[in-house]
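This report describes the model shown below, chain by chain.

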Amino acid sequence: MLAVCTGCSLLCEDIELALKNGAISQAKNLCRKGYAHFQSLFTERTKPQVDGQKASMDEAIARAAEILRESKRPLLYGWSSSSSEAQREGIDLAKKLGATLDDTSSFSEGLLLERVLTGRLSTCTLDDVRNLADLSLFWGSDPSNSHPRLLSRFAYYPRGEKRQKSYEEERTCVVVDVRKSATAALCQQLIRLPPGGDAEFISTVAAVLEGKIPRSGDKKRMIELGTLLRKTEFGAIFPGAGLVHSLKEKMDLLEGLLEQLNRIAPFRVLPMVGHYNGRGFNQLLLDETGFINRVSFQEGQARHSREFSIMEAARSCDAALVIGSDPLSSLPFGVARALASVPLIAIDPRRSLTTDAAEVTLPSAMYGLEAAGTALRMDGVKIEFQPIVESSLMPDREILKRIGEAV
Amino acid sequence: MIEVKIVTFQDIFQYEAQKKGRYSEEYKKLSARIMLDKEDLEKLGIKDGDRVLVKNVNGSVVVAARISDEEPHPQPHPGLAFMINSLWSNQLVGDQADETSIPEFKNISAEVAPTEEQVTEIRELLERIRA
Amino acid sequence: MVGAMEVYQLLPKTNCKKCGYPTCIAFAVALLNREKKIEDCPPLFEPKYAEKLKKLRELLAPLEKASETGLIIHEEKCFGCGNCVVACPVNVAADPTGCAIGLGPKSDRVILVVEDGVVKCLNAKECRRFGPNRILCNACTATCPSKAIEFV
C-alpha cells in the first residue's frame with residue numbers, strides 16, 4: 001500500500017508498505033528518519049491519565065477542560081506536529097479561552113518563514129527547485145540529518161525539466177555553515193563561518209557581487225562564490241536554524257542580499273521547517289490573524305508580541321496545553337522548569353518528558369498512520385494523508401473539539 | 001579547564017534512538033556527548049570517551065567528550081564545540097532571551113573540565129525540571 | 001579498503017606453493033580477488049599461526065559480505081537518504097519515471113533501493129563496475145553522506 005510519511009516536512013508520498021499481523025513487514029523508500037517514525041507507532045504509546053492515575057478518555061478530557069476553564073492565562077503550545085484540521089480547532093479553542101497561542105517556529109524558523117509567507121522573500125516549490133535550480137545553497141542547515149531525502153528528491157541529485165544532466169553537469173551545491181556537516185561533505189563548496197559570522201558574510205558577498213575585493217576572510221573562496229552566483233540561472237537557498245540564530249534581529253540583511261541576487265537571476269528562499277506541519281500552522285494563523293505565531297486572544301482581537309512567545313509565556317501562564325511537542329526536552333532548562341511548575345495537559349501519541357510530567361495526558365492517533373488529515377509541505381504544497389492501520393484512538397482534532405465543548 | 005563556544009545540531013541516529021526509547025541507554029549515549037577538536041582534548045589531558053563537566057551561568061551537565069569526527073578532511077576548530085540539540089545541551093541554554101525571544105542555541109559559551117562523575121542521567125534532568 | 005600487503009603480513013610467508021600459487025604475495029592477491037579462500041592455505045591452520053589466522057579472518061570478513069562488484073553496504077551508517085539510488089546511472093537508465101526524478105524505484109531492474117530505512121543492493125551484476133566492460137563508476141560512493149556504501 002502507498003503511504004505518506006509525516007516524519008519531516010518533506011511529506012514523502014511514495015512510501016510503499018507491507019503490513020503483516022499488525023506490524024510493518026517491509027517498507028520501501030522511507031529514509032532512516034521516516035522508518036524510525038513509522039516504527040514508533042508500536043512503542044511508548046501514551047494512555048489516558050489524570051494526576052498520575054489511569055483514567056478514561058472522558059475523564060481526562062473533562063479534567064483538561066476544567067483546568068483550562070479555571071485558568072486565567074492559559075497557554076496553548078505545540079501545533080507543528082498536528083494536522084491542519086487540528087490546528088484549526090486549536091485556534092478556535094484559543095479564541096474561546098482567550099488564550100495565548102504559540103508554536104515551535106517561535107524559537108526556530110519563524111523569523112524567516114514570516115518573511116516568506118508575507119512575500120518579503122521570494123520563494124518557490126520544491127518541484128520548481130528540481131526542474132529549474134542549478135544552484136542549491138544550504139545555509140546553516142544540514143538536510144542530510146534533518147530532511148534526508150531533500151537532496152535526492154529535489155535539491156541536487158534528481159533530473160528535472162531544465163536540469164536533465166543534474167548534479168553531474170548542471171547543478172552545484174554549496175554549504176555555508178559553522179561546521180563540516182554530512183551535507184557539507186557532499187557539496188562542491190563549504191564556506192565555514194564562525195558562530196554569529198553570517199552578518200559579515202552577507203556584507204562580503206554583497207561587496208563581491210559588486211565587483212569589489214573582500215577585505216576579510218578567505219578572499220579567493222569568496223571571489224569564487226561571487227563568480228558562481230553571477231553565473232547562476234536559478235538559485236535555491238535553504239536556510240536553517242543556524243542562519244536564523246545567527247542573524248536574529250538582523251534578518252533585514254538577508255532581504256537586502258536577496259534583492260541584490262534577484263537582479264542577477266531568480267533566487268528563491270525555502271526555509272527548512274522543523275516539523276511536518278509547521279508551515280501549515282503558520283499559514284493558518286497568518287490567514288486568520290495576520291501573525292504567524294505568538295498571539296494572544298485574551299482581549300478578543302488577536303495581539304502579537306514577544307510576551308506571547310513560549311519563552312516568555314511559559315513563565316507568565318498559569319496552565320498550559322501542550323500538543324504534539326515535548327518542550328521539557330527541547331526548550332532551555334529555565335523555560336522547561338517554568339512550564340513544569342504549572343498544570344500541564346499533554347496531547348501526544350507517544351510518551352515524552354512532557355507527558356510524564358503532565359497532570360493530564362491524552363493519547364492521540366498518529367497522523368498518516370492511524371488518522372487522516374492534511375498538512376503543508378515545507379514549500380507550502382498541500383499534502384493529504386490517509387491512515388494505514390485501524391485505530392480506536394482519537395485524532396487530536398477530535399480531542400480538541402471535545403475539550404472545546406466541555407470548557 | 002578550557003573555554004568553548006558550543007553550537008548545537010541535529011543528528012539522524014540520535015533522532016532514531018529517541019524514537020525507539022527516550023529513556024534508553026542508546027539515546028543517552030548519542031545525546032550526552034560534546035564533540036571537541038583534537039587540540040582541545042589534548043589541552044584537557046583527556047582521551048576520546050572520557051567524561052567532562054560542561055558548565056556555564058545557566059547550568060551544568062556531565063557528558064562524554066568525543067573527538068570531532070568531521071570527514072573526510074577534518075578541519076581544525078579549537079575553541080569550538082558541538083553538541084546535539086537535546087535535554088543535555090538545554091541545561092546550558094539561557095532562558096533570558098533577547099528582544100527576539102529566541103534562545104541562544106547556536107553560540108553557547110561554556111567551560112569544559114575533566115570529571116570523574118558519571119554522565120548525567122535523564123531521570124536526574126527530569127527531576128531538576130520538576131523541582 | 002584492504003591492500004595485498006596487509007593480507008601478506010598475516011600469511012606464513014614461506015612460499016610453500018601448497019595453495020597452487022608460486023608465492024604468498026600472489027596468494028594474497030588471489031584472496032582479495034576472491035579467487036581463493038583462506039582454507040586453500042593449509043599451513044595457516046597450524047597452531048603457530050593461530051593468531052595470524054584470527055586476524056586474517058577479521059581483515060577479510062567485510063569481503064564475505066561484498067557483492068561480486070566489491071560493493072559493501074554498512075547498514076548501521078546508512079541515512080536512507082536515497083542519494084545513491086538517484087545518482088546510480090544504472091538506476092536512472094532503468095527507471096526514467098522513478099529514480100531518475102528522485103522518486104522511489106518503479107522498475108525491477110534497478111540495483112540500489114532503500115528498504116526498511118537503509119539501502120539494499122539487488123541485481124549487483126548490472127553494476128557498471130562488473131563484467132568484461134567494467135568501468136570505475138563511483139556514483140553511489142561519491143554521493144553518500146556517511147560512507148555507508150563503499151567498494152572493497
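## Chain A: overall fold

In chain A, 69% of the contacts with a separation of 6 or more are between residues 24 or more positions apart; two residues are in contact if their C-beta atoms, placed from the backbone, lie within 7 Å. The model is predicted: local features need pLDDT of at least 70, side-chain atom pairs count only at pLDDT 80 or more, and totals for chains, interfaces and linings use all residues. Residues are numbered from 1 along each chain as its sequence is written, while chains are lettered from A and ligands numbered from 1 in the order in which they are written.

Chain A contains 18 helices and 19 strands. Helices (H or I, at least four residues) and strands (E, at least two) are DSSP runs, numbered from the N terminus. With a radius of gyration of 22 Å, close to the 22 Å given by the globule rule for 407 residues, chain A is as compact as a globular protein of that length. The radius is taken over C-alpha atoms, and the rule is 2.2 Å times the number of residues to the power 0.38. Along the principal axes, the C-alpha atoms of chain A fill a box of roughly 70 × 50 × 30 Å. Of the 407 residues in chain A, 59% are buried. A residue is buried if 20 or more other C-beta atoms lie within 10 Å of its own, exposed if 12 or fewer, and partly exposed in between, with C-beta atoms placed from the backbone.

## Chain A: domains and sheet

Chain A is divided into domain 1 (45-107 + 276-367 + 389-406) and domain 2 (110-269); the bounds come from an automatic or database domain assignment. The C-alpha centres of domain 1 and domain 2 of chain A are 35 Å apart. Contacts between these domains of chain A involve 8 residues of domain 1 and 4 residues of domain 2. On the domain 1 side there are 2 nonpolar, 5 polar and 1 charged residues. Ala, Val, Leu, Ile, Met, Phe, Trp, Tyr, Cys and Pro count as nonpolar, Asp, Glu, Lys and Arg as charged, and the others, Gly among them, as polar.

Chain A also has an open sheet of 9 strands with mixed pairing, in the order β5-β4-β17-β16-β15-β6-β7-β13-β14. Two strands pair if DSSP finds at least two bridges between them. Strand β13 (residues 295-296) of chain A runs antiparallel to β14(A), and 2 bridges join them. Ser296(A) has Arg303(A) in β14(A) as its bridge partner.

## Chain B and its interface with chain A

Chain B has an average pLDDT of 91, and 96% of the residues score at least 70; pLDDT is the predictor's confidence in each residue, from 0 to 100. Among the elements of chain B, the mean is lowest for α4(B), at 92, and highest for strand β3 (residues 51-56), at 97.

At the interface, 37 residues of chain B are in contact with 44 residues of chain A. The elements of chain B that give two or more residues to this side are β1 (2-9), α1 (12-20) and α4 (122-130). Of these, α1(B) gives the most, with 5 residues. The chain B side has 14 nonpolar, 11 polar and 12 charged residues.

## Chain C

Chain C has 6 helices and 4 strands, in the sequence pattern α-α-α-β-α-α-β-β-α-β. Its radius of gyration is 19 Å, whereas a compact globule of 152 residues would have one near 15 Å. The C-alpha trace of chain C spans about 55 × 30 × 20 Å along its principal axes. Buried residues make up 36% of the 152 residues of chain C.
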